[in-house]
Amino acid sequence: MPRFNIPAEDAQGPLVVGIDIGSGGTRAAVYDVSGREIGKRTHKEAHTFTVADDGTSTIDADLVVAEIRAALAAVLEGSLPGEVLAVGIDTFASSLVAVDAAGNALTPCITYADTRCHAQVGTLAEQLDLDALHERTGARLHSSYTAPRLTWLRDTQPEIFARTARFMALGEYAALKLLGTPALGTASAAWSGMIDRRTGEYVLELLAATGVDADMMGTALDPSDALPIAGTPLAAEFPQLAGAVWMPVIGDGLAANMGIGALGTGTWGISTATSGAIRQLLDTEIAALPSGLWAYRVDARRTLVGSAMSDCGRVLDWARFQLGIPEDISETDTETLFSAPPTAGTPLVVPFFSGERGTKWRGSSRALMANVGASTTAQDMLRGAMEGVALSFLRIADQMREAGGEPERIVLSGGMTEAIPAWLHLLSDALGAPIDHVAVSRSTMRGSAVMALEAAAPGQAVAEVPVLRRVEPVAAHTEHYRERLDRFEKLADLA
């Protein structure tokens, strides 16, 4: 994967720093005004989540703060080819840290993958109008969102709940520790599932149901509400940042779209990693949000609309390890397998190995397979499984079209597609639209830098992300997958 960087001698200011806090580590890099990494000014501090059989998935918030400091020290060392005017930061979405009155963490950061609040999801579902809540917040009631987690803390750790002065997202807490002031971006607040997507204000019914006062939640700050770094502890530690502003934290989904060039309202960004998603930035009112989508407010003008699936690259891993497909997928002729015309004899696979998210959000669903006979081969099953992933994207795409119309362009990135690029034939045929597979490493971190460039160089267009390949759909194949989706949905209802 090309690094999409620029030599230091060719870089042009102003400069920005991008910080990405993901599930595998904390990264930082310096970018020039074109949105390209400068030389080798990039650094990663690796980490892992603490997990347990009870659904625990956490990380030490202060460890992450220390990682940010270490990463900044590495990328800011020595002479810079310009002045840094902004720092952008994204984190994995939907994080929660309980903080006391002195500003210290009372709990580890609870991550999006923590499922200990499943029972509280059910309790809240009995109290609230779920359809009305989805329309207002743009989010489903789910264990990955904040309200069930707050209720779980209240129910299971009442002493900590009582001592908590503020509940913070991870990036908000990092700003508190580094600058002395918390900075919660509207896009990150929206991922809590607790703010009104139209007004940016917290939904009172959710606060009442969780037993949390509004002043215990962070104020949602738009990107224009960046904090000056001058005069903060961070400026004292890194004088190179004294003239910069700190952007309020955003979620990794928004950053991913911005990093791969899905910036305009007519562009869909598709991610194909372990999980998958389609996202679109819209700047128009969505009168009625389709039931399978989420809508996260970014600022007064923009909303990130989309949906996700838990099983994308995970489906390929299942095929490799359970079907006898060579672990090194390059040993399989996937070009021939995936570029061949679809047939009615291919197994129909609903690939919900980890439950269903978009579009019907049935977490207890599991994978189902049909049309499997004695002559079915492992390659047939692989083709059927990857067609199932394409159909999962199609059902999301149908609702995306309902919300924002036909896309003018679709850009896609992700490790799964890099492993089996021929799979794009299936996806393009299913969506009935051309797809540009773009090439940029560390796209999420780049997205945080692109957001920072909005403050550092307003109106400045960033460099176009290179396109590795463009795949065009075959109309007859699109008709086949449209018919196959009906069968897919019937099977999914049994899953």
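Analyst: C117 has a relative accessibility of 2% and therefore counts as buried, where buried means under 20% relative accessible area, exposed over 50% and partly exposed in between, with a 1.4 Å probe and protein chains only. This is a predicted model, in which local features need pLDDT of at least 70 and side-chain atom pairs count only at pLDDT 80 or more, while totals for chains, interfaces and linings use all residues. Residues are numbered from 1 along each chain as its sequence is written, and side-chain values use heavy atoms, with hydrogens and water left out.

User: How many disulfides are there, and how far from C117 is the nearest cysteine sulfur?

Analyst: A disulfide is taken as a pair of cysteine sulfur atoms within 2.5 Å. By this rule the count of disulfides is zero. C117 is in no disulfide, and the nearest cysteine sulfur, which belongs to C109, is at 13 Å.

User: Is C312 buried or exposed?

Analyst: The relative accessible area of C312 is 0%. C312 is therefore buried.

User: Which geometry does the pair of F49 and Y112 have, edge-to-face or stacked?

Analyst: Rings of Phe, Tyr and Trp (its six-membered ring) pair if their centres lie within 6.5 Å; planes under 30 degrees apart count as stacked, over 60 as edge-to-face and the rest as tilted. Ten aromatic pairs are counted by this rule. For F49 and Y112 the ring centres are 6.1 Å apart and the planes stand at 70 degrees, so the pair is edge-to-face.

User: How many residues apart in sequence are the parts that F49 and Y112 tie together?

Analyst: F49 is buried at a relative accessible area of 16%, whereas Y112 is partly exposed at 34%. F49 lies in the loop between β4 (37–46) and β5 (50–51), and Y112 in the loop between β9 (109–110) and α2 (118–127), so the pair ties together parts whose separation in sequence is 63 residues. Helices (H or I, at least four residues) and strands (E, at least two) are DSSP runs numbered from the N terminus. The separation asked for is 63 residues.

User: Why is strand β16 largely enclosed by the rest of the structure, and which residue of β22 is the bridge partner of T267?

Analyst: Six of the six residues of β16 (residues 267–272) are buried, so the strand is largely enclosed. T267, G269 and S271 point one way from β16, and W268, I270 and T272 point the other way. Two strands pair if DSSP finds at least two bridges between them; β16 runs parallel to β22 (residues 409–413) over five bridges, and the partner of T267 is R409.

User: What volume does the largest cavity have?

Analyst: On a 1 Å grid over the protein atoms alone, a cavity is a set of points where a 1.4 Å probe fits but cannot get out, and lining residues have an atom within 4 Å of a point. Six cavities of 30 Å³ or more are counted. The largest cavity is lined by 15 residues, and those nearest its centre are S95, T146, A169, S192 and M217. Its volume, the space filled by probe spheres set on grid points joined across faces, edges and corners, is about 110 Å³.

Terms used. 1 Å grid on protein atoms, 1.4 Å probe; cavity = no way out; pocket = protein on both sides within 12 Å on 5 of 7 lines; lining within 4 Å.
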